[in-house]
Amino acid sequence: MKIRRVQFMCLIAILSLVFSFIPLSPVSAAQPNIGVLIYRYDDTYISTVRNALSAALSGKASVTMQDGKGDQATQNDQLDVMIERKMDGLIVNMVDAQAAAGVVAKIRAAGIPVVFFNREPDLNVLKSYEKACFVGTNAADAGKMQGDIIKALWTGHPEYDLNKDGKFQYVLFKGEPDNPEAIARSEWSVRQAVAGGVTLEQIGQTFVCNWDTALAQQAMESALAANEGKIELVIANNDSMAMGAIAALSSVGSNLEGGDRHIPVIGVDATDQAVDAINRGIMTATVKQDGEAMGQAVSAIILNMIAGKPLLEGTALQFDDSGVAVRIPYSPYRGKE
Ligand code: CA
C-alpha cells in the first residue's frame with residue numbers, strides 16, 4: 001500500500017511537471033500571431049510597457065517577443081524572422097528610430113499591420129504605409145512638466161539657492177544624444193523654467209549618459225568633485241540617470257534618507273525605484289510616463305488593425321494632428337517637500 005502511494009505521488013509529480021510546460025491559456029487557432037520587437041529588455045520603463053502589453057494581449061493573441069539588446073542590426077534580423085513567420089501583426093519599439101524607413105519598407109512589402117511605440121519614427125515614414133501608426137508621448141510635455149516643477153521648487157524653497165545669488169545652478173543629464181525625447185526634454189525643462197521666471201545657470205557641459213544609471217553616477221561624481229557645493233539642482237531626462245546622480249550625491253553625504261543635506265533631483269518615467277526614492281525623501285520629483293496606459297493602447301490598436309476595424313475602436317484614445325500618432329499624457333509625481 002505504501003509503495004503504491006509513493007508510485008502515485010511520483011505520478012502526480014511527473015504529471016505536474018509535464019503540465020507546467022503547457023501554457024496556462026492554450027492559444028486557439030483563431031488567435032492572431034503578434035510579433036513584438038523591443039529595443040532593450042533591461043530598460044526599466046520599457047519593462048513596464050512590456051508587462052502591460054503582455055497582460056493586455058494575454059488570451060487574445062499568441063505573442064512572440066524579442067530583445068533587440070540595443071542593437072539595430074539585431075532588431076533587423078529579428079524583424080526578418082517575424083516577417084518570414086508571417087506574423088498577423090507587429091509591434092515595434094525601434095532601437096534606432098532613424099532606421100525606421102527601412103523597417104517600414106520591409107513590413108509594407110509583407111503587408112503586415114504595425115504599431116510603433118515609444119521611439120518615434122519620422123512622420124513621413126509612418127505616413128508612407130497605411131497600416132502603420134505610432135503610440136508615444138509628446139516629448140516636449142515631459143520637459144515642460146519638469147520646468148514647472150523647477151519653478152515650484154525655486155519659488156517655494158529659498159533654501160535651495162545655496163550661494164544666495166538668485167540663480168538656480170543646475171546639472172543636466174541627457175539620454176542618447178540624437179534621441180528626440182532626450183533632445184526635447186533637455187530643451188523644454190530649461191525653457192519652461194526660464195519662461196516661469198527662474199534664472200538658471202548650467203554647471204559644466206550637458207552630461208550625455210544614454211539613459212544609464214552607472215554613466216550618470218560617474219558623471220555626477222566628477223561634477224561634484226569639480227564643483228564642490230555649487231550644484232543646486234539635478235535635472236535628468238529619465239529616472240535611471242536621476243538614480244545614478246542620487247547614488248553619487250549619497251556618497252558625499254547628501255540626499256540621504258532622513259539627512260539634512262538635499263539637492264533637488266528631478267527625473268522622468270516614475271519608475272518603481274524612483275517613486276520609492278521620492279517617497280523616502282531622497283529624490284524630489286519625476287514625471288510619470290504611463291507605461292501601463294501605453295501598453296494597453298498599443299495592444300488595443302494592433303488587435304483592431306488585425307481585425308480590420310477602425311484603429312481606435314473601443315478605446316478612449318484620439319489621434320493627434322498627424323492623424324497617425326496617439327499621445328499618452330504625462331503627469332507630475334512629487335513627494336512631500
Ligand atoms: Ca544659486
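Me: Where does Asn 255 sit?
Reply: In this predicted model, Asn 255 is placed in the loop that runs between helix 9 (239-251) and strand 10 (265-266).

Me: Buried or exposed, that Asn 255?
Reply: Asn 255 is buried, its relative accessible area being 2%.

Me: And what does Asn 255 touch?
Reply: If neighbours within four places in sequence are set aside, Asn 255 is in contact with Leu 249, Arg 261, His 262, Ile 263, Val 265 and Ile 282. The side chain of Asn 255 also makes a polar contact, at 2.8 Å, with the side chain of Ser 254.

Me: OK, stepping back. What's the mean pLDDT of the chain?
Reply: The mean pLDDT is 92, and 91% of the residues in the chain reach 70 or more. Residues 21-28 should be read with that in mind, as pLDDT stays under 50 over this stretch, and the model has one contact for it beyond four places in sequence.

Me: How many helices and strands are there?
Reply: The secondary structure of the chain comes to eleven helices and 13 strands. The C-alpha trace spans about 75 × 65 × 35 Å along its principal axes, and among contacts between residues at least 6 apart in sequence, 71% join residues at least 24 apart.

Me: What share of the chain is buried?
Reply: Buried residues account for 47% of the 337 residues. As for the surface, the chain exposes about 16200 Å², of which carbon and sulfur atoms supply 53%.

Me: Now the metal. Which residues coordinate the calcium ion?
Reply: The calcium ion is coordinated by Asp 161 (OD), Asn 163 (OD1), Asp 165 (OD), Lys 167 (O), Gln 169 (OE1), Glu 232 (OE) and Glu 232 (OE), at 2.2 to 2.5 Å.

Me: What spacing do the donors follow along the chain?
Reply: The donors of the calcium ion follow D-x1-N-x1-D-x1-K-x1-Q-x62-E.

Me: Switching to arginines: where is Arg 119?
Reply: Arg 119 lies in the loop between strand 4 (114-117) and helix 5 (123-127). Arg 119 counts as buried because its relative accessible area is 8%, which is under the 20% cut-off.

Me: What does its side chain make a polar contact with, for Arg 119?
Reply: The side chain of Arg 119 makes a polar contact with the side chain of Glu 176 at 3.1 Å. Not counting residues up to four places away in sequence, the residues that Arg 119 touches are Tyr 39, Asn 93, Met 94, Val 95, Ala 97, Phe 134, Glu 176, Asn 179 and Trp 211.

Me: And Arg 50, which helix is that in?
Reply: Arg 50 is found in helix 2 (residues 44-57), and it is buried, with a relative accessible area of 16%. Its side chain reaches the backbone oxygen of Tyr 41 at 3.4 Å; beyond four places in sequence, Arg 50 touches Ile 38, Tyr 41 and Met 65.

Me: How many disulfides?
Reply: The count comes to zero disulfides. Among the cysteines, Cys 133 is buried, with a relative accessible area of 1%, and Cys 209 is buried too, at 3%.

Me: Last topic, backbone angles. What phi does Asn 210 have?
Reply: Asn 210 has a positive phi of about 50 degrees although it is not a glycine. Most residues other than glycine have a negative phi. Asn 210 is found in the loop between strand 8 (207-208) and helix 8 (213-226), where it is partly exposed, with a relative accessible area of 31%.

Me: And what about the phi of Ala 270?
Reply: Ala 270, which is not a glycine either, has a positive phi of about 55 degrees. Ala 270 is found in the loop between strand 10 and helix 10 (272-279), and it is buried, with a relative accessible area of 13%.

Key. Residues are numbered from 1 along each chain as its sequence is written. This is a predicted model: local features need pLDDT of at least 70, side-chain atom pairs count only at pLDDT 80 or more; totals for chains, interfaces and linings use all residues. Side-chain values use heavy atoms; hydrogens and water are left out. A disulfide is a pair of cysteine sulfur atoms within 2.5 Å. Buried means under 20% relative accessible area, exposed over 50%, partly exposed in between (1.4 Å probe, protein chains only). Helices (H or I, at least four residues) and strands (E, at least two) are DSSP runs, numbered from the N terminus. A polar contact is a pair of N or O atoms within 3.5 Å; within protein, one must be able to donate a hydrogen and the other to accept it, and residues adjacent in sequence count only if both atoms are side-chain atoms. Contact means heavy atoms within 4.5 Å. pLDDT is the predictor's confidence in each residue, from 0 to 100. Donors are N, O and S atoms within 2.8 Å of the metal (3.2 Å for Na, K and Ca); water is not among the atoms, so sites may look incomplete. Accessible areas come from the Shrake-Rupley method with a 1.4 Å probe; for residues, only the protein chains shown count as cover.
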